[in-house]
Each structure stands twice: as structure tokens, then as C-alpha cells.
There are 2 protein chains.
Amino acid sequence: MLVLRKPYLIFLGDAASVADAKTALGVADWCPDDVLGELAFPEAAVSTGKPAMDIAAAVAAGAGSLLIGIAPIGGRLPDHWLPTLMAAVRAGLDIVSGLHTRLADIPELAEAARAAGVQLHDVRHGHWPRVTGTGRKRRGQRVLTVGTDCALGKKYTALALTRALQARGVPASFRATGQTGIMIAGSGVAIDAVVSDFIAGVAEQLSPDNEAGHWDVIEGQGSLFHPAYAGVSLGLLHGSQPDALVLCHHAGRERLDGWPDFPTPSLAEAIDAYLRAGRLTNPAVRCVGISINSSTLDDAQWQAYRARVEAELGLPVVDPLRGGVDRLAEAIHHHKESSHDA
Amino acid sequence: MLVLRKPYLIFLGDAASVADAKTALGVADWCPDDVLGELAFPEAAVSTGKPAMDIAAAVAAGAGSLLIGIAPIGGRLPDHWLPTLMAAVRAGLDIVSGLHTRLADIPELAEAARAAGVQLHDVRHGHWPRVTGTGRKRRGQRVLTVGTDCALGKKYTALALTRALQARGVPASFRATGQTGIMIAGSGVAIDAVVSDFIAGVAEQLSPDNEAGHWDVIEGQGSLFHPAYAGVSLGLLHGSQPDALVLCHHAGRERLDGWPDFPTPSLAEAIDAYLRAGRLTNPAVRCVGISINSSTLDDAQWQAYRARVEAELGLPVVDPLRGGVDRLAEAIHHHKESSHDA
């Protein structure tokens, strides 16, 4: 498992749009106490709202890493960023990157990191452990967010649910499986970068034995209904051995994003498939609720949609951005108590 | 996709048992015309039946590769093998290895290979392509062997079925997904070594567009019912988009091999799960028969077992080692004709 050194100085480079700076904004939003400030070129058109800070000031304030919070076009590192990265390394900061370019493949940066004794964390690549799944039941409880498709709120839902559980006094940990999630949590595994023989084994290590009342809230990836990524989703599901599932869906999305020949499944069909598959490693798995990205609906449409789905499926339906996920936290809390009764 | 240079000189080292030499025996059995001879130390207690041959004689006879056909304890390369490998490389042979030790990590061997312009093929590791699955329907037809568990005859069944189809005049190609299969076929992908994001995409490339009457017979891996490997099995299933499935099972195996907490599914349950999952990328997928490893049964028991399962499931049931797989080939041939009618 990758463990990052916080707090961060976020590097924004010459980010031209909010879309470019999605990672930076996500990190600043979800772990603001772990972000000391931001470093941007004068051309940058985006800010996280954190104070502008240079490398020396960040180091003086105790920064652990420079976090590359923007995605350049094509995913490659622009040459004119290199002096900043070199300066950060020489000042003793680790660098955290989700770029396609491996920092470790830039010889002068790799050499400088060796000399300074700091780490270059290529979160997208990484050297993930090679461990085989055991299927052994672990202590503590787990909830996994699963989806009808990719890119519809599984990370956001898991982060929001972790907070909502903590707010109720339930001990809960967010477990990150993708690069932005790892940057937010400060640790985790990019599960889709793991060699396929070890998906379930690595997922097992991500949510190890824990105390009886504790919940790991695991960020889901992909979808069982996705022709490219279902293998990742299934390995993560089996290794996570969740007690509870939250199904995530984007209201109105009738075709998989980018795979228009593939329809999204109905919510009932998706729940059935995830429960069938999940029972292999946890026969007691249940679906405790549904998290909807309702951005395509106006308020009246959303109320009607929610009422209809709740009536059909008998499960709480939330949109994290429209009223939060507290009803999911409540369902999980209740789930825990019923499990203890059983 | 990995492509190997045949014919082979098989290296047996000091193989002490048939189990040690499983790879060598499988290769000599399934592609005897591609094996010129064997090279063994005097202590070796096993032979493939091929003529003893030294490196110079193999090169003179046109050998392309030295194939390491034995699995040393722990999977590591014993030091005393190295002089033989060095001599093979210097004589112009590629080396094909399925060991855990990477040949490419042995500096003097890597350097000698560079100097000689030959390849070191670490079949277990390899640099597999990084391609995302498309789900696009391909031309030609495909059959995939799937299983109730690992290690129960999926490779053997696929190889036997390829031969049986070819014997009927049906154009058919074996598509290898594991190391011994790759050595036999001379090409393929070690699917469980592929980064999990790309399992389905790589599986798509393994059985590309082909002519309408052609069958790819794809070697299955793992099992949807396996807590460690189901992700691999699902990605391979989706990427293969098989028209036909053959379910493989080991009669009498009630628990997964090495995972005793996990029961093997019933044949009906397994067929149902594979068809449900397979329909995502090929709605017309059908199970055409069942291949049994019946080594635990005597002849009378096997006849009774076969009759009972055929009556229950309405599908042909074969053991490749007890009467061959011709009834599966017939079912596939028939399947093709009914598909053409449709």
C-alpha cells in the first residue's frame, strides 16, 4: 500500500480550467487541513482557495510533499514544470503525481530525489504488492460503493459516507482505490494498476482486520456491467468482502459513458448482480442504499425520481450533493446493530 | 502478444520427477513437431522421449529457442544452470522461461543476449500490451473453456478441442492464456500477468477478427467462483466474447483446491453464472458441453456419472482422457450451423 507524506503544497502549474485542476480541487475540498498552500504560475486561471506559497515557505511550515494537482493535456509533464519539481526535491519534499509520465523516468529528477533522500510517488503506476487473495473473513465491517457505470460518484459517495459515519460517532476509515482518493486519504492502492492475478489479494490488504464496530468505507472502481473494467470491479468486490454495498448511479445515463453500445443496467438488475457476486466472500452482504448523481434533474424531477426508486426498491436513495448521505449512514448504523443482534 | 521462435530444444536440467518436468512433458506432448530434442544433466530422472541433443546440434538442426521445461523448487534459477543458458544465448538461441526468476534480471545473461541479438522470454512476466477493452463484436467464432475451479483441465480441454475441430475440417486456433499454453502455441498472453485495467482489452487482442467459419479455442483461467482469481476469469470472459462455453470440472472435488473454505459450485450453478456474465459482451453465448477430469472415478462410476449429468443438464459430457472431446467438437460444429441458420 502506498503511504504519502502530508501535509501538501499543491502545485497548480498553469492550470487553465477547473477541469484541468480536478485533482487539486478534490484534495483541497476533502482534506483541507492537509493542504498548506498552493503554488501556481502567473498564467494559472484556477485556485484552490488556499494561500499562495513558495517552496521555501511550505518547507518552513512543515510540508511533506509537493502534490501535482493538475492534469496537463495528454497526461505528460511539460518541460517548463521541471525546474519547480527539481527545486521541491532539493528542498526535501516528496513529489506526488498522478500523471502518465513517470517522474521516476526523468533521470535528473530521479537522481536529485536519490541525493535528497525523498520519494517520487507515481500514484498511477506504483509497485503494488503481489499477494494472492485468501478469502479469509476479516474482523471489522466494510461498505463498498459499486456502480452501474464508471465516473458517477463512487469516490465522492464513499468520502461523504465516511464523514457522515464519523459525525455519528461510528469509527470509519475511507479506503482509497484510485489516484485522487489516495491523495486525499494519504494512502491506498490504485487497484486498476495491480497485476490481475493479485487484485483480490491487494484489496484484502487494503481493508485489514479491524475492531468489531469499525467500518471501512471502500472506494469502488469500474462496474460489473462494463466490458473493459468488470474484472477490476469483481476482484475488488471479492477482496473487500463487504458487509454492505451502496449502489451508485447517474440518473438519466442510459448508455455507458464512452461505450455507447452498452446500456446501463436497471438498478434492480445491478443490485442483484453485485449481491450474487459479493456472496462468494461474504454470504451476509446486503445493499443498504442508493447514491444518485442527479445533476440532470431539476428539484421536482429529483423528488419524484427519489420517491419512485425508494418505493420500487425499498431502500434509501440519496444524492450526496442534494441533502447528503446521512440516510446511508443511518442504514449502515442500523445494519451494524441488526448484525450484532443476529 | 508474445510470439516465440520455434522449434525448441527443451532443457530438462536435473529434473527429478514428472511433476518437476510438467511443462516439458506438456510441450513435447502437444507440439511434438516443434521439439527437436532435449538437453538434460546426467542426474535427470525424467525424459520427454525426444532425442538427447546438445546446443550445437540443435542450432545446426535449426532450433529457435532453448525452452526451460522444468520448475525448480521455489521457482528460482539454480546457479549451475547458468552456463548452459549462457552457451545457448551465445549460440544464437532465444530462451523461453516460465520461472519466477526473470532471466532479464541476470546481468551477464541479459548482456550476452543483447550481444547475440537474441530474446529472453520471461513468459510469466512479460511486457503485455496496455489496451482498454472496447466490447466491439469481432468476426469469427470463439469457444472458451471455463471452470468450477483452477487446475482441472481447461488448457487440456482447449487443446484437445482444437485438434478435434481441425480433424473435422473446421478451421480452429488454440489461443493460449497461460505459460505452458503459450509455449505450446508459440504465442499468447499470460492473462493473469496483465495489469487489471487491461485484462479485457488484452483478451480482445488475443482472438482478433477472423473468418466467419473459424473458431478460436481460448484457454480459460481461474474460476468465477474463486476468491482470488475471479477478476481474471471475468475479464477474460468479457474480452473473449465467446459464442460457446465448455464448462470444466474435476469430478469429486467439493472444495476449491487450496481454498478449503470455498465449495465448488454445482455444474448448473456454474453454467448459469458464466452465461449471465458472458451475455454482457455476447448475448448469444451458449454452453455447449462439459469436460470432466474423472481421474477419481473407475469406469463404472464414470459411466454412471456421465449418464446422470447428461440427463440432468441436457449437454454432452466428456473426459478428454476417456474417449476424447469429439462430442464437444460436434456440438460446436452444430452450434455454428444453427447460428448460420439464425
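This is a predicted model: local features need pLDDT of at least 70, side-chain atom pairs count only at pLDDT 80 or more; totals for chains, interfaces and linings use all residues.
**Entry 1**

**Entry 2**

I traced the whole sheet in chain A, an open one of five strands in the order S3-S2-S4-S5-S6, with parallel pairing. S3 and strand S6 (120-122) of chain A stand at the edges and have a single partner strand each, so one side of each is left without a neighbour in the sheet.

In chain B I went on from S4(B) to strand S5 (residues 94-97), which is joined to S4(B) by three bridges, the two strands running parallel. The bridge partner of B:Leu66 in S5(B) is B:Ile95. I also asked which residues of S4(B) point one way and which the other. B:Ser65 and B:Leu67 point one way from strand S4 (residues 65-68) of chain B, while B:Leu66 and B:Ile68 point the other way, and all are buried. In general, side chains in a regular strand alternate between the two faces of the sheet.

**Entry 1: helix H1**

Next I looked at helix H1 (residues 22-30) of chain A, where A:Thr23, A:Ala24, A:Leu25, A:Val27, A:Ala28 and A:Trp30 are buried. What do the buried residues of H1(A) pack against? I found strands S2 (8-13), S3 (35-40) and S4 (65-68) there, together with helices H5 (154-167) and H6 (179-185) of chain A.

For chain B I listed B:Thr23, B:Ala24, B:Leu25, B:Val27, B:Ala28 and B:Trp30 as buried in helix H1 (residues 22-30). The cover over the buried residues of H1(B) includes S2, S3 (35-40), S4, H5 (154-167) and H6 (179-185) of chain B.

I then traced an open sheet of six strands in chain B, with parallel pairing and the order S8-S10-S7-S11-S14-S15. The edges are taken by strand S8 (172-175) and strand S15 (317-318) of chain B, each with a single partner strand, so one side of each is left without a neighbour in the sheet. Within this chain, strand S11 (residues 244-250) and strand S14 (residues 286-293) pair in the parallel sense over seven bridges, and the bridge partner of B:Cys248 in S14(B) is B:Ser291.

In chain A I looked at strand S12 (residues 255-256) and strand S13 (residues 259-263), which run antiparallel and are joined by two bridges. A:Leu256 has A:Trp259 as its bridge partner in S13(A). The two strands form a hairpin with two residues between them, and A:Gly258 in the turn has a positive phi of about 90 degrees.

**Entry 2: backbone details**

I checked the peptide bond between A:Lys6 and A:Pro7 and found it cis, with omega about -5 degrees; A:Pro7 lies in the loop between strand S1 (2-3) and S2 of chain A. In chain B the bond from B:Lys6 to B:Pro7 is cis as well, with omega near -5 degrees.

B:Gln241, in the loop between H8 and S11 of chain B, has a positive phi of about 40 degrees although it is not a glycine. Is B:Gln241 buried or exposed? I counted B:Gln241 as buried, because it has 25 C-beta neighbours inside 10 Å and the cut-off for buried is 20 or more.

**Entry 3: how the chains meet**

Last, I looked at the interface, where 27 residues of chain B are in contact with 28 residues of chain A. H8(B) gives the most to the side of chain B that touches chain A, with six residues. By class, that side has 15 nonpolar, nine polar and three charged residues.

Chain B can be laid on chain A with an RMSD of 0.1 Å by a turn of 180 degrees and a shift of 0.1 Å along the axis. The two copies are thus related as by a two-fold rotation axis. For the complex, the predictor gives an ipTM of 0.93 and a pTM of 0.95.

Conventions
Residues are numbered from 1 along each chain as its sequence is written. Chains are lettered from A and ligands numbered from 1 in the order in which they are written. A residue is buried if 20 or more other C-beta atoms lie within 10 Å of its own, exposed if 12 or fewer, and partly exposed in between; C-beta atoms are placed from the backbone. Helices (H or I, at least four residues) and strands (E, at least two) are DSSP runs, numbered from the N terminus. Two residues are in contact if their C-beta atoms, placed from the backbone, lie within 7 Å. Two strands pair if DSSP finds at least two bridges between them. Ala, Val, Leu, Ile, Met, Phe, Trp, Tyr, Cys and Pro count as nonpolar, Asp, Glu, Lys and Arg as charged, and the others, Gly among them, as polar. Copies are superposed by least squares on the C-alpha atoms of residues with pLDDT of at least 70 in both.
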